[in-house]
Structure formats: C-alpha cells, structure tokens
Amino acid sequence: MAILAVGAVLRVAWGMQAEGPVALRDPLLYLVLSEHVAAGDGYTYGPGPDQGATAYYPPGYPVLLGAVIWLVRLLPGDVTAFGAAVGLNVVLSVATIGLVFVLARRLAGPTTGLVAAAIWALWPNLVFHSAIVLTETLFLFLFVLLLVVTLGDPAAARAP
C-alpha cells in the first residue's frame, strides 16, 4: 500500500506542475480528437462530418479520454481537457503499479511483487508519462491487466 501511495504522490505532484500539453504533435492531436469526441462531433479534427475524419491515430485513447472529458464537464467546476487527461493518466498509472505487484507476486512471490511494484512506482519515465497526453499509460495498464488475466490460473503462471 505504501508503494501505491508513493507512486500516486509522485504522479500527482508531476501532474500538478504540468502547465499544458507538451508542444508535440501527438499530444495536441489526442486532445483535439478527444475534445471532438466529448462534444459529440465524432472522431474528427474539426466539427461536422466532413471536417477531418481520421483513422491515422488509434482511437482507443482519444475515445476513452473523450468520455472522461464529457463526464468531467457534467460535474460542477472548471476542468480543462488537459487536466482531465492528466487525471486519467494518473489513475491508470497508479492502478498499473498495483497490477504489476499482483502479476509479479503471482509469478515469483510477494517479495518480487513488492520490488517490481516499487521499481514501477519510481521509474522516471513512467512518472513523466503521467502528465503527458500520450497513449503509453493506457497501453501499459491494459497490457499488464491482460497479463494478470492471462496468468490468473496458478498452473498457467507456473508454465514457461
């Protein structure tokens, strides 16, 4: 539990200091696509059906983020799309710490689970990606979740 708390504190602190999307093409386009999904314009770069519908970027992260933005806007307060993205990434990243513990414990025991979770919680790149609007945080969460589910049977977890 302490490892989750340390990982959460690092990610929240990093996310709170982030002032906006990094001036890279992908994070800005993920935000644009997510905003249009949240507004009901579909998976497009602009409003309306003929305004840049795309299949260039994988839709998973922008669609999930669009749903989160839509939900956050139903609540009182003023949260930006970037703030919603950082919040989503922090939640997914901290949840992944727990999943890494479960996976490593299942494969090699509780001590290995704690060490693996601690490494994951403190790894600088994983903390950094919590405040960047990129797909990596969602992908890692889903990938580790897939491994936890796939290796859910103790016999499968022991097999090479």
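Modeller: By class, the lining of the largest cavity has 3 nonpolar, 4 polar and 1 charged residues (Ala, Val, Leu, Ile, Met, Phe, Trp, Tyr, Cys and Pro count as nonpolar, Asp, Glu, Lys and Arg as charged, the others, Gly among them, as polar). This is a predicted model, in which local features need pLDDT of at least 70, side-chain atom pairs count only at pLDDT 80 or more, and totals for chains, interfaces and linings use all residues. Residues are numbered from 1 along each chain as its sequence is written, and side-chain values use heavy atoms, with hydrogens and water left out.

Colleague: Which residues line the largest cavity?

Modeller: The lining consists of S93, T96, W120, L126, H129, E136, T137 and L140; a cavity is a set of points on a 1 Å grid over the protein atoms alone where a 1.4 Å probe fits but cannot get out, and lining residues have an atom within 4 Å of a point.

Colleague: Which element gives the most to that lining?

Modeller: Helix α7 does, with 3 residues (helices are DSSP runs of H or I, at least four residues, numbered from the N terminus).

Colleague: Turning to α3, which of its residues are buried?

Modeller: Y61, P62, L65, G66, V68 and I69 are buried, meaning under 20% relative accessible area with a 1.4 Å probe, protein chains only. Seen down the axis of α3, they fall within an arc of 165°, so they line one face of the helix; the arc is that of the directions from the helix axis to the C-beta atoms.

Colleague: What covers them?

Modeller: The cover includes α2 (25-39), α4 and α7, where contact means heavy atoms within 4.5 Å.

Conventions
On a 1 Å grid over the protein atoms alone, a cavity is a set of points where a 1.4 Å probe fits but cannot get out, and a pocket is an open set with protein on both sides within 12 Å along at least five of seven lines; lining residues have an atom within 4 Å of a point. Helices (H or I, at least four residues) and strands (E, at least two) are DSSP runs, numbered from the N terminus. Buried means under 20% relative accessible area, exposed over 50%, partly exposed in between (1.4 Å probe, protein chains only).
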